[in-house]
Each structure stands twice: as structure tokens, then as C-alpha cells.
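Morning, everyone. One chain today, and a few residues in it. Please look at the screen.

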Amino acid sequence: TCALPSLGQLPQIRLDAVFPPGAQIGTSVDVTVANTGEGYLDEANRLIFSNPGIKASQKMQDSAGKKVAIANQYVVTVDKSVKPGMYEVRTVGLYGVSNPRTFVVSSRKEIQEKEANNSFELATPIELNSVVNARSNGVADIDFYKFQGKSGQRVIISPQAGKIDSRKRITLEVFDSNHRRLTYAPSVL
């Protein structure tokens with residue numbers, strides 16, 4: 001009889017998504033982390049950032065008179081001293097420390113996408129010079145936003161999905177108030 005060696009390996013923690021992927025300086029925001037593939041967030045209970053001015057605590061809820069942590073949800077606070085930029089965020093759990101994801105700190109007002117915003121009539125109003133944090137709710141997800149512009153005004157819309165390590169490819173279309181397309185930019189990174 002010949003004995004063969006056996007190899008055993010613990011599962012690996014993996015962080016695939018952070019939403020929203022950023023926050024405004026001097027604010028707190030509710031953040032959800034997720035794993036969408038092969039990896040484990042078992043007993044994940046902490047987020048760590050590459051900037052010590054960004055801190056997170058687990059989001060809590062009442063359960064039978066006790067405060068209980070909500071799995072994979074955190075309250076992230078960005079100190080006023082943090083400079084705008086891209087920082088790493090990792091989660092810590094039963095199987096160690098995860099891979100990094102990008103967390104963007106901005107000096108601009110930030111809003112979160114609100115469903116349903118899948119038509120002209122349901123478009124989410126946004127202010128110019130702001131950040132919109134959105135996510136896909138399926139392969140054919142289309143989101144509508146509206147802003148007030150003036151004739152001849154220059155407006156720059158800059159999707160950042162590719163810059164923050166998202167796998168999303170954004171197609172951008174801008175329409176006027178009569179639903180006439182003004183511009184089109186396919187697969188913006």
C-alpha cells in the first residue's frame with residue numbers, strides 16, 4: 001500500500017464589491033461589501049483603509065433587545081483631514097485579510113442611485129458638480145438622471161467605473177428635455 005500526501009487549504013477571503021465605492025470628505029455613509037464569486041466573507045467584521053482618516057464600524061440592528069451586527073454592512077466615516085483621492089479598502093474576517101478594492105474620497109456632494117430610475121419620467125434629479133454612486137441591477141439595466149442645464153453651458157460628465165477597478169463598461173447618452181439625444185459615448189471607461 002502506498003500512502004499519498006493530501007493537501008488541505010483554507011478558503012480564501014475575497015472582496016469583490018464595495019457600495020457605495022466612495023464618500024465625501026467630512027461625512028459618514030452606509031457601505032455594503034460583497035463577494036460575487038469564489039471567496040469567503042465569513043465572519044467579516046472590520047474594514048481597514050490605506051488612509052487612517054477613513055474609519056468603519058459595523059452597522060448594528062436591534063434583535064430581541066440586543067445590538068447585533070448586520071453582516072457585510074458598515075458605517076464609514078471620512079475625516080475632514082482626508083485629501084480627495086483613491087484609497088484601498090480591505091475587509092477582515094475568519095479567513096484573514098481580503099484583497100484591496102478602491103474607495104474614492106471626494107470633496108463633492110455625493111448621492112446614491114435610487115431605483116426605479118429606468119425611464120425619462122423616473123429620472124433621478126442630480127446637481128451639477130456632484131458624484132453619483134450607482135450600480136447595475138442586471139445585464140440590461142438602464143438608469144436615468146436629470147440635471148438643470150442652460151443653452152451653451154459646458155457640462156462634463158466623467159464616468160469613473162474603469163478607474164475604480166469596476167468591471168462595468170458604461171454607455172453614456174445625454175438627452176434634452178424633449179428626449180432628443182444630444183450626445184452618445186459608448187463603453188466609456
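This is a predicted model: local features need pLDDT of at least 70, side-chain atom pairs count only at pLDDT 80 or more; totals for chains, interfaces and linings use all residues.

Where does N117 sit? In the loop between strand 10, residues 109–112, and strand 11, residues 124–125. Is N117 buried or exposed? Its relative accessible area is 0%, so N117 is buried; the cut-off for buried is under 20%.

N51 has 15% relative accessibility. That is under the 20% cut-off, so N51 counts as buried. What does the side chain of N51 reach? The backbone nitrogen of G53, at 2.6 Å. Beyond four places in sequence, the contacts of N51 are V82 and Y87.

Now to a strand. D30 lies in strand 3, which covers residues 28–34. Its relative accessibility is 41%, and therefore D30 counts as partly exposed; that class runs between 20% and 50%. Which side chain does the side chain of D30 meet in a polar contact? That of K59, at 2.9 Å. K59 is also on the contact list of D30, together with F19, P20, Y74 and V75, once neighbours within four places are set aside. Take F19 from that list. F19 and D30 are eleven residues apart along the chain, and their C-alpha atoms are separated by 8.4 Å.

Let's zoom out to the whole chain. How many helices and strands? Zero helices, 15 strands. The C-alpha atoms fill a box of roughly 80 × 45 × 35 Å along the principal axes. The radius of gyration is 20 Å, whereas a compact globule of 189 residues would come in near 16 Å.

Burial next. Of the 189 residues, 28% are buried. The accessible surface is about 12,800 Å², and carbon and sulfur atoms account for 51% of that.

Last, charge. The chain carries 23 positive and 18 negative side chains. The centres of the two sets lie 6 Å apart.

Conventions
Residues are numbered from 1 along each chain as its sequence is written. Side-chain values use heavy atoms; hydrogens and water are left out. Helices (H or I, at least four residues) and strands (E, at least two) are DSSP runs, numbered from the N terminus. Buried means under 20% relative accessible area, exposed over 50%, partly exposed in between (1.4 Å probe, protein chains only). Contact means heavy atoms within 4.5 Å. A polar contact is a pair of N or O atoms within 3.5 Å; within protein, one must be able to donate a hydrogen and the other to accept it, and residues adjacent in sequence count only if both atoms are side-chain atoms. The radius of gyration is taken over C-alpha atoms; the globule rule is 2.2 Å times the number of residues to the power 0.38. Accessible areas come from the Shrake-Rupley method with a 1.4 Å probe; for residues, only the protein chains shown count as cover. Lys and Arg count as positive and Asp and Glu as negative; His and the chain ends are not counted. The place of a charge is taken as NZ of Lys, CZ of Arg, CG of Asp or CD of Glu.
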